[in-house]
Each structure stands twice: as C-alpha cells, then as structure tokens.
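Subject: Structure handover

Hello,

Here is the structure for you to look over. My notes follow below it.

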Amino acid sequence: MIAVVFHHLDFLKSFLEGRWTIMPPVSGEMWRQTAKSFGCTHYISIDVDKTDYEHNDEEILHEKYDTLDDVLEKYKDKTIVFLESSNNLPSDVSHYTLQEFQHPKDDVLYVFGHEYSGLNFDKIDLTLPNRYVVTVETIHPAGMWSVVAGGIVLYDKMTKDNK
Ligand SMILES: C[S@@+](CC[C@H](N)C(=O)[O-])C[C@H]1O[C@@H](n2cnc3c(N)ncnc32)[C@H](O)[C@@H]1O
C-alpha cells in the first residue's frame, strides 16, 4: 500500500462565500490524478467540508474519513510520513528534509495538512514507531498547496526507489 492522505475542502463553497475570486479545481481530482501518476494504491481524504466527492477509479482506491485520527487508527501498523513546511513546524519537532529522507518502499501513508491551518502537531503522537516528519525545502517560506507538495514528494520517492 502506498497512500496520500489529504484534507478535502469544498473549493466551490469557498468561492461562493467570496473567499476566493477564482475557483481552483476540485482537490479530490487533483489528488486522484497526482497520486495515480506516481503509483499510489490509495488516495485518502479527510472530508472536512462533508463533500459528495466519489470516484470509482479501478486503478486507485479512494477512502473517506471524518478525522485524521480515524486514518491513523486504521493504519497504525503502517509507516506514516507527515509533510509540513518548515515555517509551520513547531521548533521542537525533529524532521528530515526531503532531500535527505529515505522513503519506505511500501506500506506507507504520506499525510498532508489542511490548506489553511496545516497539520496540528499538538494532536499527533510522534513518539510512536515508524512516524516521520519531512519538509520540502523551498526558496520562499510560503506554504505550497498540499497537492503540489504531494507531487514533489511522490516524484522524489519514484526517483529514489528507482536508484
Ligand atoms: C497550504 S499548506 C498549509 C500552510 C499554512 N496555512 C501556513 O500558513 O503555513 C497545506 C499543507 O501542504 C503541505 N505543504 C505545503 N508546503 C510544504 C513544504 N514546503 N514541505 C512539506 N509540506 C508542505 C503540508 O502538508 C501543509 O500542511
């Protein structure tokens, strides 16, 4: 199993509420195509906005959960890699840069944070085995859209796996 876990937001709702002037594409579809391109077996959404997003893609499984805790409980035997930008990481959280990180070949979930608030490290138990925090080095500290960071991380995994 190779999975991405993302917070699924209803961008149309944000657009209609006037929070954006242009409407970005639906995050579920961006994740489905990105994760599939790099060989993920699953794309797992935390359905923050209670969307009606479903997709029956036979090449990649979609699972939907209410909270990140539900995902972590279900996959407690897997390796979990939490992704966060360095400016959103509490100073006491030890982490790897993507450049130095050695990816697990299989049985791994890559967990991305909420687009507005990121990951809440106060609620994540990093003392459990097989849990890692990784940050993608960037020139400017502005956090990327999670799916963009996801594409970079999965590309990095592919190139290191193939060495
Ligand atoms: C838009 S970011 C959240 C940014 C947050 N609002 C802030 O102000 O810092 C959403 C998610 O994308 C991922 N992400 C974005 N930039 C990243 C980076 N440089 N390295 C690793 N993950 C990143 C993380 O999972 C993050 O929680």
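Helices (H or I, at least four residues) and strands (E, at least two) are DSSP runs, numbered from the N terminus. The expected span of a helix is 1.5 Å times one less than its number of residues. This is a predicted model, so local features need pLDDT of at least 70 and side-chain atom pairs count only at pLDDT 80 or more, while totals for chains, interfaces and linings use all residues. Residue numbers start from 1 along each chain as its sequence is written.

Helix H4

H4 covers residues 146-161, 16 residues in total. From first C-alpha to last it reaches 22 Å, close to the 22 Å expected at 1.5 Å a residue. Its buried residues are Ser146, Val147, Ala149, Gly150, Gly151, Val153, Leu154 and Lys157. Buried means 20 or more other C-beta atoms within 10 Å of the residue's own; exposed means 12 or fewer, and partly exposed is in between, with C-beta atoms placed from the backbone. These buried H4 residues pack against strand S1 (2-7), helix H2 (27-37), strand S4 (79-83) and strand S6 (108-111). Contact here means C-beta atoms, placed from the backbone, within 7 Å.

H2 against H4

H2 and H4 pack at an angle of about 5°, with axes 10 Å apart. That makes H2 roughly parallel to H4. Angles run from 0 to 180 degrees between N-to-C directions, and axes are lines fitted to C-alpha atoms, for helices over the stretch in contact. Under 35 degrees counts as roughly parallel, over 145 as roughly antiparallel, 65 to 115 as roughly perpendicular, and the rest as oblique. On the H2 side, Ser27, Met30, Trp31 and Thr34 meet Val147, Gly150, Gly151 and Leu154 of H4. By class, this contact has 4 nonpolar, 4 polar and no charged residues. Nonpolar covers Ala, Val, Leu, Ile, Met, Phe, Trp, Tyr, Cys and Pro; charged covers Asp, Glu, Lys and Arg; the others, Gly among them, are polar.

H2 has buried residues Ser27, Gly28, Met30, Trp31, Arg32 and Ala35. They pack against S1, helix H1 (11-16), strand S2 (42-46) and H4. Arg32 counts as buried because it has 21 C-beta neighbours inside 10 Å. Leaving aside neighbours within four places in sequence, Arg32 is in contact with Tyr43, His55, Asp57 and Ile60. Just after H2, Gly39 takes a positive phi of about 85°.

The ligand

The ligand is surrounded by 20 residues, and the closest are Gly113, Gly118, Val136, Gly143 and Ser146. A residue is near a molecule or strand if its C-beta atom, placed from the backbone, lies within 6 Å of it. The shell divides into 8 nonpolar, 10 polar and 2 charged residues. Ser146 is also one of the buried residues of H4.

Loops

Most residues other than glycine have a negative phi. Asp107 has a positive phi, near 55°. Asp107 lies in the loop between strand S5 (96-97) and S6. Asn130 also has a positive phi, about 60°. Asn130 is in the loop between S6 and strand S7 (131-135). Asp107 counts as partly exposed, with 13 C-beta neighbours inside 10 Å. Asn130 is partly exposed with 13 such neighbours.

Ile124 sits in the loop between S6 and S7. Ile124 is partly exposed, with 19 other C-beta atoms within 10 Å. Beyond neighbours within four places in sequence, Ile124 is in contact with Phe82 and Leu119. Ile124 and Leu68 are 56 residues apart in sequence but 9.3 Å apart in space, C-alpha to C-alpha.

Best wishes

Note on methods
Two residues are in contact if their C-beta atoms, placed from the backbone, lie within 7 Å.
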